[in-house]
Structures are given as structure tokens and as C-alpha cells.
Amino acid sequence: MQYKIVGEPMPAVICELENGESMITEKGSMSWMSPNMSMKTSAGGIGKAFGRMFSGESMFQNTYTAENGAGMIAFASSFPGSIRAVQITPDHPVITQKSSFLASEQGVELSVFFQKKVGTGLFGGEGFIMQKLSGNGIAFLEIDGSAVEYELQAGQSMIVDSGNLAMIDASCSLDIQTVKGVKNKLFGGEGFFNTVVTGPGKIIVQTMPISGMAAALIPHLPGDSK
């Protein structure tokens, strides 16, 4: 499979497939394709289907396969931002924010990922339920706004607003940190909790999560006219 990412800030990834090669997606993000691409929809097992639904994805998975020769298929982002290609291997699974998965080669498996620490799960907000991408192949992730990458060393930490955390290597750990000070909590406008990511591993943060965009627009929307 060969690919190119085009069209930021509303990007798409165009994938060129050899005969018999397949791509998967779980939320109907196919935008255009050559006529010889066939589609098959399946749940992939009831446990996996409910796990995907719980992590913010569709219960069903679409598989697109090139038949009778090479084929082409494009997947487009649903929000202004960028698309990142991530190489998944059995030794390099990654954890992503829910709904960030766009498409991947067929060897990549998507499952629900729960935070191991109770505090992280209860107070993590958008970081509570995340996705784990494992297996083998290239996965394409939607990043809201621009993507900024950091490589954390063992024991090195980064404090991130939960909505801005797009992806971490599975070798990283997550925890929740309470914002200090009553006035900071009540009037700081940043919420009560932040996510703490500790290395080793790579993290990707996003500059404008959909939730942040919505919060910025609400004060400028017309009120109820009744």
C-alpha cells in the first residue's frame, strides 16, 4: 500500500492498493475510490463490536479490497486539522483518543482501552475511554487542529488537558492531576483535572479539539428567540 496525505486543513489520505490488498474503516469515512474497490461490512465478533461502540466508533467495520487489479481509495477527515500515519507493530501498539481512528491496513486491530488507575477513569473526562490500536500495519489518525509531537524519556512527564491528548505509545502511562488551589479550580477556566503522561514513548497532542472549538463558539451563537 502506498499513500499520500493531501488537502490540509481539511485533509484526506489517498491510498493506492495492489490487487487483493484491503483497508478498514469504522465510520464511513470513505470519500472516493476506483470502481474495482469492493466493500464488505462485518461486526468482527460481538465482543469486539461492543468494544468499538463503547470507545466511540461504529459497531460495524467496513473492509475495502482491490479486485481485478490495483485500486485506489481515499478517506477524508471530518474536522479541520491533520492526518497522521502511524506504523503499528506487535511490539508497538498505541493508545489514541476515541473517534480519532480514520482508517488502516487490514492487519490493524482496534479495541477499547480502559485506564488502569481508578482516578484516571473517574475524572479523566475525554481521556476516560480511549482506543488501543494493535496488530501490524499503518493506521491513519484524525488530529483536531495541528499535531505536535514529543518524545518522552523514561520518567519524563507532560501535563496535558485531556481533550488535547491525541495519541500516546502504549509504553507511556497515564494519571490524573488535580488543579491546585480553590480559586484556580473555580475561576481558572481550565477545569478541575489534567492528564499526566509519563514516558518512555512518543505522544501527539492536538491544538484544537472539537470540544474546545464548541466551547469557543457557544458565546457567539444566537440565544433562544422564544
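At 4% relative accessibility, Tyr64 counts as buried, where buried means under 20% relative accessible area, exposed over 50% and partly exposed in between (1.4 Å probe, protein chains only). The model is predicted, so local features need pLDDT of at least 70 and side-chain atom pairs count only at pLDDT 80 or more, while totals for chains, interfaces and linings use all residues. Residues are numbered from 1 along each chain as its sequence is written, and side-chain values use heavy atoms, without hydrogens and water.

**Exercise 1.** Find the aromatic pairs of the whole structure and classify them.

*Solution.* Start with the criterion. Rings of Phe, Tyr and Trp (its six-membered ring) pair if their centres lie within 6.5 Å; planes under 30 degrees apart are stacked, over 60 edge-to-face, the rest tilted.

Step 1. The search finds two aromatic pairs.

Step 2. Take Tyr3 and Phe140. Their ring centres are 5.0 Å apart and their planes stand at 75°, so this pair is edge-to-face. Tyr3 sits in strand β1 (residues 2-6) and Phe140 in strand β13 (residues 137-144), so the pair ties together parts 137 residues apart in sequence. Strands here are DSSP runs (E, at least two residues), numbered from the N terminus.

Step 3. Tyr3 is partly exposed at 37% relative accessible area. Phe140 is buried at 0%.

Step 4. Take Tyr64 and Phe75. Centres 6.3 Å apart and planes at 70° make this pair edge-to-face. Tyr64 belongs to strand β6 (residues 61-66) and Phe75 to strand β7 (residues 71-76), so the pair ties together parts 11 residues apart in sequence. Phe75 is buried, at 0% relative accessibility.

**Exercise 2.** Describe the surroundings of Ala166.

*Solution.* Step 1. Ala166 lies in strand β16 (residues 165-169). Its relative accessibility is 2%, so Ala166 is buried.

Step 1. List contacts, meaning heavy atoms within 4.5 Å. Leaving aside neighbours within four places in sequence, Ala166 touches Ile95, Thr96, Gln97, Ile143, Ile204, Val205 and Gln206.

Step 2. Glu149 is 17 residues from Ala166 in sequence and 9.9 Å away in space, C-alpha to C-alpha.

**Exercise 3.** Work out the strand order of the open sheet of three strands.

*Solution.* Step 1. The order is β15-β18-β17, with antiparallel pairing. Two strands pair if DSSP finds at least two bridges between them.

Step 1. The edge strands are β15 (157-160) and β17 (173-178), each pairing on one side only.

Step 2. Six bridges join β17 to antiparallel strand β18 (residues 193-198). Leu174 has Val197 in β18 as its bridge partner.

Key. Helix = DSSP H or I, 4+ residues; strand = E, 2+ residues; numbered from the N terminus.
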